[in-house]
Amino acid sequence: MNNIRNRVQLIGHLGMDPEVKTFDNNRKMAKISMATNDSYKDAQGNKVEQTEWHKIIIWGKQAELAESMLTKGMEVLVEGKLINRYIFFLVVNSVSQFLPTYVRRYLFVMA
């Protein structure tokens with residue numbers, strides 16, 4: 001049962017080339033932005049398209065593969081764990097905005 005807890009699987013298109021950082025210990029981290037699309041019919045029967053954007057963080061060897069293989073527009077499948085982060089903006093009052101981030105376990109390029 002532990003294998004299915006906090007598991008997220010997404011199929012979508014990359015919105016940008018991977019942004020890769022290399023740390024002092026030569027460990028790499030890649031950030032990608034991925035769009036998933038959905039559609040539904042509204043009350044008037046019109047088809048409505050909806051796009052959701054997801055931030056994905058990839059570490060280690062898979063980050064190296066992402067750097068060498070992935071480009072904007074490619075369709076990929078990402079499987080991983082959902083980690084919630086809060087971003088704080090100061091305008092007049094302190095407002096917190098929920099930003100989900102997916103840490104991948106598996107990354108597949110759809111052919």
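The side chains of Lys-28 and Glu-67 are joined by a polar contact of 2.7 Å, a polar contact being a pair of N or O atoms within 3.5 Å in which, within protein, one atom must be able to donate a hydrogen and the other to accept it, with residues adjacent in sequence counting only if both atoms are side-chain atoms. This is a predicted model, in which local features need pLDDT of at least 70 and side-chain atom pairs count only at pLDDT 80 or more, while totals for chains, interfaces and linings use all residues. Residues are numbered from 1 along each chain as its sequence is written, and side-chain values use heavy atoms, with hydrogens and water left out.

Lys-28 is found in strand β3, and at 19% relative accessibility this lysine counts as buried, where buried means under 20% relative accessible area, exposed over 50%, and partly exposed in between, with a 1.4 Å probe and protein chains only. When neighbours within four places in sequence are set aside, the residues in contact with Lys-28 include Val-20, Lys-21, Thr-22, Ile-58, Trp-59 and Glu-67, contact meaning heavy atoms within 4.5 Å.

Because Phe-23 lies in the loop between β2 (19-22) and β3 (28-41), whereas Trp-59 belongs to strand β4 (residues 47-59), the pair ties together parts that are 36 residues apart in sequence. Phe-23 is partly exposed at 37% relative accessibility, and Trp-59 is likewise partly exposed, with a relative accessible area of 30%.

Gly-80 sits in strand β5 (residues 75-90) and counts as buried at 2% relative accessibility. Its C-alpha atom is separated by 8.9 Å from that of Leu-10, a residue 70 residues apart from Gly-80 along the chain.

Turning to the whole chain, the protein has one helix and six strands, defined as DSSP runs numbered from the N terminus (helices H or I, at least four residues; strands E, at least two). Along the sequence these elements follow the pattern β-β-β-β-α-β-β. Buried residues make up 28% of the 111 residues, and among contacts between residues at least 6 apart in sequence, 56% join residues at least 24 apart.
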